[in-house]
Amino acid sequence: MLKAKITCFADEISQDLEEQLDVLQQEGISYIELRNVWGKNVLELNDEELSSIHQILKERGFQVSSIASPIGKYPVAEEFGPQVQAVQKAIHAAHVLGTPYIRIFSYHPPENADLDTCRDEVLRRMKQLAEIAEQNNFVLILENDNNLYGTTDERCLEILQHCASDSLRMAFDPGNFVKNDIKPMQDAYPKLQAYTDYIHIKDATFEPKLFVPAGAGDGEVDALLLSLKERGYDGFLSVEPHLQHYMPHASNPKRVVTAVRALKQLLERAEYQWE
């Protein structure tokens with residue numbers, strides 16, 4: 001039976017790993033998107049900490065869906081060497097924690113610069129990162145985020161076509177597209193569907209610019225889920241709530257639970273199985 005897999009950026013719950021897992025387990029989720037734990041970004045964790053996380057996850061029946069690295073949230077004008085080192089750290093963490101996926105971004109252009117002036121350098125860096133991942137049998141998933149070279153659907157497509165690698169795929173984020181006045185299903189998804197191997201469940205409204213639970217905004221998440229179901233998608237649906245402004249007085253766990261349950265409601269409506 002076709003089943004998508006729900007995962008979550010659990011550092012939005014807490015910096016404590018056990019609390020992250022408690023909340024996810026309560027919601028019937030057994031995958032985690034590893035970004036920050038114990039006050040450290042995943043790329044800052046040492047071998048002992050990575051091994052400890054692996055053991056805790058194993059004992060509690062969890063698996064890591066992706067290493068949610070900050071690679072590429074970095075000025076394109078700065079030296080590239082540290083980014084090569086970062087992707088090597090991410091590959092090591094992914095190996096220890098048993099996931100093929102590493103989330104990356106597409107570089108900050110110089111302030112007020114014409115994007116075409118940094119195009120060649122961005123594409124060179126992305127291709128080199130993809131080649132490193134390919135050599136090590138890992139998959140980089142590119143998130144469309146704000147204020148980056150690959151913020152728009154057209155620029156994401158350009159990067160993916162240029163790299164032309166099975167080791168660089170798309171982490172499609174409808175909420176981020178909305179934040180940049182792009183209609184996710186009308187404009188972005190038709191261009192990027194063939195490259196999309198991972199989904200971020202994040203919704204937003206065009207006006208005001210606000211992240212909201214899935215189905216409450218203009219991200220067309222319900223239509224996305226139906227399209228994924230028709231395609232036979234059985235990959236990850238990664239809940240990244242960002243509901244601090246939508247629910248300013250709620251606790252962090254409450255915001256995450258609200259976001260997870262909103263996704264489950266849309267999945268039930270679409271008769272889409274999940275695990």
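In which loop is the place of asparagine 112? In this predicted model, asparagine 112 lies in the loop between β6 (101-104) and α4. Its relative accessibility is 78%, so asparagine 112 counts as exposed. The phi angle of asparagine 112 is near 65°, which is a positive value in a residue other than glycine.

**The protein as a whole**

The protein contains 9 helices and 12 strands. Its C-alpha trace spans about 45 × 45 × 40 Å along the principal axes. A compact globule of 275 residues would have a radius of gyration near 19 Å, and the 18 Å of the protein agrees with this. Of the 275 residues, 55% are buried. Among contacts between residues at least 6 apart in sequence, 75% join residues at least 24 apart. The accessible surface amounts to about 11800 Å², and carbon and sulfur atoms account for 45% of this area. There are 27 positive and 43 negative side chains, and 2 Å separates the centres of the two sets.

**Backbone features in the loops**

Most residues other than glycine have a negative phi, and most peptide bonds are trans. Asparagine 137 is not a glycine, yet its phi is positive, at about 60°. This residue belongs to the loop between α4 and β7, and with 67% relative accessibility it counts as exposed. Asparagine 136 is also placed in the loop between α4 (119-135) and β7 (139-143). Because its relative accessibility is 36%, asparagine 136 counts as partly exposed.

Proline 208 is situated between β10 (203-205) and β11 (210-212).

**A buried serine and a proline in a helix**

Is serine 66 buried or exposed? Serine 66 has 0% relative accessibility and therefore counts as buried. It is part of strand β5, which covers residues 63-68. Its side chain forms a polar contact of 3.1 Å with the side chain of glutamate 33. Beyond its neighbours within four places in sequence, serine 66 touches Ile32, Glu33 and Leu34, and also Thr99, Tyr101, Ile102, Arg103, Ile141 and Tyr198.

Proline 253 is found in helix α9, made up of residues 252-269. It counts as partly exposed because its relative accessibility is 23%, and a residue must be under 20% to be called buried. When neighbours within four places in sequence are set aside, the contacts of proline 253 are Ile13, Glu19 and Val23.

**Pairs separated along the chain**

The table sets out two pairs of residues by their separation in sequence and by the distance between their C-alpha atoms.

| Pair | Separation in sequence | C-alpha to C-alpha distance |
|---|---|---|
| Asparagine 136 and isoleucine 91 | 45 residues | 7.7 Å |
| Proline 253 and aspartate 11 | 242 residues | 9.8 Å |

For asparagine 136 and isoleucine 91, the C-alpha distance is 7.7 Å.

Notes. Residues are numbered from 1 along each chain as its sequence is written. This is a predicted model: local features need pLDDT of at least 70, side-chain atom pairs count only at pLDDT 80 or more; totals for chains, interfaces and linings use all residues. Side-chain values use heavy atoms; hydrogens and water are left out. Helices (H or I, at least four residues) and strands (E, at least two) are DSSP runs, numbered from the N terminus. The radius of gyration is taken over C-alpha atoms; the globule rule is 2.2 Å times the number of residues to the power 0.38. Buried means under 20% relative accessible area, exposed over 50%, partly exposed in between (1.4 Å probe, protein chains only). Contact means heavy atoms within 4.5 Å. Accessible areas come from the Shrake-Rupley method with a 1.4 Å probe; for residues, only the protein chains shown count as cover. Lys and Arg count as positive and Asp and Glu as negative; His and the chain ends are not counted. The place of a charge is taken as NZ of Lys, CZ of Arg, CG of Asp or CD of Glu. A polar contact is a pair of N or O atoms within 3.5 Å; within protein, one must be able to donate a hydrogen and the other to accept it, and residues adjacent in sequence count only if both atoms are side-chain atoms.
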